[in-house]
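My notes follow in the order I checked things.

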Amino acid sequence: MKNKNRLLLTFACVLLIILIFIYPEQSLNSAKSGVELFLFVVFPSLLPFFVVSSIMLKTGIVESLGKKIEPCMRILFGCPGASAYAFILGWISGYPQGVRIVCKMVDDGILSKQGAERTIVYCSATGPLFIVGTIAAGLLKSPQTAIMIMLSHYGGAIMAGQIERLFLPKDRIVSVDQLESNRLPAGNLLGNAMKDGVHSLWIVGGYIVLFSCIIGLMDVSGLLGAIGMLFSPLLKLLGLPADSAKAFIAGIIEITNGCSLTANTNISLEMKACICTMMVSWSGLSIHAQAISYIAGSGLSVKRYLIGKAMHSLCSLIIFVPLSILLKPPIHVFAANEFEMAAKLSLITVIPGIIMILLLVLAGILANKKAALKKAAAGNGYSDLL
C-alpha cells in the first residue's frame, strides 16, 4: 500500500512539473494569487491567534481551566476538560488553528493522544468571519444564508464528534491531572510564541501557494473539467447542472475556489448554500495537507482525522436540509448597505467567543494566583510555578 501511495505521489509530482513547463504564465499568476492571499489576508489575521494561543498553552491557564470543567466536557463531548480551549479558539480563528492547537497541546503534555484525536473532530472548523464575510456576503451575495451555513457547519462538527464517540473504538481518555505539561519562564514566553507562530504560518503560506498553483494549472489544462465529468452522472441524479461538476472538484481540493465556482453556477441560492456548506465542512485537500503536517508530527491518526472530516461534511448536509426549509433566504439583489449588515453579523458571531476567551484567561489567572498563595504558605516562592 505504501509503495502504491509513493508511486501515485511521484506521478502527481511529475505531472505538476510538466504542467508548469507547459503553462509557465498561468503557474506564475496562480502562485502570485496565493502569495497575495497569504500575505494580505491569512498572515495578518492568524498571527495574533497563533502567538496568543502559544503563550496561553505555556502559562498553565489551559490546565487550570481543564481541571475545573473536566466533568462537564466528559459528559457532553467525551473529551478532557483542557480541550475546551481548542474548541473555542478553533471555532473563532478557523482552519487550521483548531488542529494546530490540539497537536500543540499533545506536544506540551496537556492532552493525551487519545483525547486529542477525539477533540480534533469537534474543533476542526472554519471561523465565522469566513462564513459571513467570504461565503455568504462575498460569494453568495446573501448575508441571510450565513445563519444557515454556520448552524449547519458547527452543528455538523458536534454531530460528527458524537457519532465518532458512539461508533468508533473507545479510547481511555487521560485526565489532565495525569499529564505533565511543559511551562516556560515568563521571560521566554513571547519570544518562543512569536517564533512558533511565524514558523507555523510560513508553512501554512507554502500550502496556500502550492494549491493555488495546482488548481490554476488543472483549470487551464482542462484536467479540472475532465475529472469533473466523472461526477456528472451523480450530479444529474441530484438535479444539478453539468457545470457544477467543475466546482465540485475544485471544492474537494480547495474550498475558496470551489465555493467561488459554485456561486457562479446556474442553480438556486439554497442549493448553492448547501454545496458551499458541505465544502466548508470538508475543508479541502489544501487544509487537510496543513492539518496532516501537524497531526503526523504529533503521532496522531491521519485516517481518523479524514474520517471525521468526511462525517462533518455529511452531517452538515443533514442539518442544512431542514434548516433551508425553516429559514428559507429571500432571493434578491445584493444591496450596498448589506455589506454593513454582513460586518455587523460577523462581529456578533465573534463577540461571544472573545468574551469566553477572556473569561478563560481570568479563570486561569485566578487559579494560578490561588495555587501561588498555597505554595507560598507552604514555603515555596512564586517562581516555582513558572
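**Cavity**

I looked up the largest cavity and found a volume of about 30 Å³. The model I am working from is predicted. With 30 Å³ or more as the cut-off, I get a count of one cavity.

Next I listed the residues that line the largest cavity: Glu117, Ile120, Leu300, Ser301, Arg304 and Tyr305. By class, I sorted the lining into three nonpolar, one polar and two charged residues. I then asked which helices each supply at least two residues of that lining. They are α6 (113–123) and α16 (302–326).

**Glutamate 164**

I turned to glutamate 164, which lies in helix α8 (residues 145–167). Is glutamate 164 buried or exposed? I read 2% relative accessibility for glutamate 164, and it counts as buried because the cut-off is under 20%.

**Nonpolar cores**

I looked up the largest nonpolar core and found 31 residues, with Val99 and Ile295 having the most contacts inside it. The helices that each supply at least two residues of this core are α2 (24–59), α4 (83–93), α5 (97–107), α6, α9 (186–221) and α15 (284–297). I noted that α2 gives the most to this core, with seven residues.

For isoleucine 295, I again left out residues up to four places away in sequence. Isoleucine 295 touches Val99, Cys103, Ile120, Leu300, Ser301, Val302 and Tyr305.

I recorded a second, separate core of 29 residues. Among its members are Met148, Tyr154, Leu240 and Cys259.

**Helix α5**

Last, I checked burial along α5. How many of the eleven residues of α5 are buried? I found ten buried, so α5 is largely enclosed by the rest of the structure. The buried residues of α5 are Gln97, Gly98, Val99, Arg100, Ile101, Val102, Cys103, Lys104, Met105 and Val106. I saw that Arg100 and Lys104, which count as charged, are in this buried set.

Just after α5, I noted that glycine 109 takes a positive phi of about 80 degrees.

Technical notes:
Residues are numbered from 1 along each chain as its sequence is written. This is a predicted model: local features need pLDDT of at least 70, side-chain atom pairs count only at pLDDT 80 or more; totals for chains, interfaces and linings use all residues. Side-chain values use heavy atoms; hydrogens and water are left out. On a 1 Å grid over the protein atoms alone, a cavity is a set of points where a 1.4 Å probe fits but cannot get out, and a pocket is an open set with protein on both sides within 12 Å along at least five of seven lines; lining residues have an atom within 4 Å of a point. Grid points are joined across faces, edges and corners, and a volume is the space filled by probe spheres set on the points. Helices (H or I, at least four residues) and strands (E, at least two) are DSSP runs, numbered from the N terminus. Buried means under 20% relative accessible area, exposed over 50%, partly exposed in between (1.4 Å probe, protein chains only). A nonpolar core is a set of buried Ala, Val, Leu, Ile, Met, Phe, Trp, Tyr and Cys residues joined through side-chain atoms within 4.5 Å. Contact means heavy atoms within 4.5 Å.
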